[in-house]
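Thanks for coming. I have one structure to go through this morning, and I will keep it short.

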Amino acid sequence: DAGACLITKEDAKLFEGEKVICADPYFAYSMLSHLFDKSREKVGLGIHKSAVIAPTAMLSESVSIGPNVVIEEGAVIGNHVVIGANCVVGENTTIGDDSRLHAQVVLYSHVTLGARVTIHSGSVIGADGFGFANREGRWHKIAQLGGVTVGDDVDIGASTTIDRGALEDTVIGQGVIIDNQVQIAHNVRIGDHTAIAGCVGIAGSTTVGRYCTIAGAVGIAGHLTLCDHTHVTMQSQVTRSIKEPGSYSSGTGILPTVEWRKAAVYFRQLDSWRKRLKEKR
């Protein structure tokens with residue numbers, strides 16, 4: 001059982017046990033939780049003997065490098081960085097101070113991470129963007145010449161992919177949080193302190209503003225702009241730019257299958273009904 005309950009002054013009278021009164025209990029809990037987090041204590045300093053590190057890579061003396069890590073030419077690893085087992089740090093990639101890569105993260109070449117960045121297992125940062133030209137029915141790959149820039153205090157969930165830019169970098173702003181299994185395509189720009197939930201897909205060259213929230217399984221088309229303080233609800237499909245702050249949704253809520261099938265038929269008929277009504281006017 002908890003030794004004390006974090007509670008607001010207004011709710012304190014409803015709880016007779018031991019309590020700590022605070023203005024924002026959830027924020028207070030987030031701060032206190034780190035006092036009980038032992039994961040950092042288990043990380044030892046030094047470089048595992050199985051790690052493969054290029055001669056031109058520059059590593060701080062305070063790094064922790066796990067088994068089978070590969071660090072390629074020209075990489076720069078900052079102070080107190082922790083790199084878990086089987087990670088790959090590509091050529092000319094930079095990792096800022098106090099950042100952590102959990103096991104099996106891959107950073108391609110020319111990726112720049114800011115300070116205090118956390119990337120969870122299985123994520124890939126800097127893979128090629130989905131750029132191809134079609135000629136006479138055949139696809140021809142476009143070289144992706146940009147990189148990825150990630151700001152300070154960013155948290156990236158497991159199995160998330162962020163593609164490198166075609167010419168300029170894909171950019172993730174300061175304080176952004178990204179959940180598991182998110183796809184961010186080439187040349188996307190994510191504004192500071194935006195939150196992106198699991199299974200979101202953002203197509204190429206789209207800009208998401210600051211302080212936005214993108215709920216689970218949202219799809220955002222390419223070459224759009226979402227303004228600051230945009231909030232998109234679960235499973236919405238964003239096919240046009242959003243210029244005014246607020247909450248946006250698309251799609252329909254769940255229905256019994258029989259009712260949904262009827263509704264789908266009605267939806268297909270809406271345009272013909274509109275035309276008939278217009279003719280009657």
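First, the ground rules. This is a predicted model, in which local features need pLDDT of at least 70 and side-chain atom pairs count only at pLDDT 80 or more, while totals for chains, interfaces and linings use all residues. Residues are numbered from 1 along each chain as its sequence is written, and side-chain values use heavy atoms, with hydrogens and water left out.

On dimensions, the C-alpha trace spans about 80 × 75 × 35 Å along its principal axes.

Of the 281 residues, 36% are buried. Buried means under 20% relative accessible area, exposed over 50%, and partly exposed in between, with a 1.4 Å probe and protein chains only.

Contacts here are heavy atoms within 4.5 Å. Among contacts between residues at least 6 apart in sequence, 12% join residues at least 24 apart.

Now the sheet. In what order do the eleven strands of the open sheet run? The order is β3-β6-β9-β12-β15-β20-β23-β26-β29-β32-β34, and the pairing is parallel. The edge strands, β3 at 46–47 and β34 at 246–248, each pair on one side only. Two strands count as paired if DSSP finds at least two bridges between them. As one example, β32, residues 230–232, pairs with β34 in the parallel sense over three bridges. Thr230 stands opposite Gly246 in β34.

His110 has phi near 60° and sits in the loop between β13 (106–107) and β14 (111–113). Is His110 buried or partly exposed? His110 counts as partly exposed because its relative accessibility is 42%.

Gln235 has a phi of about 65°, and its place is in the loop between β32 and β33 (237–238). Gln235 is at 52% relative accessibility, so it counts as exposed.

That is what I have. Questions are welcome.

Technical notes: Helix = DSSP H or I, 4+ residues; strand = E, 2+ residues; numbered from the N terminus.
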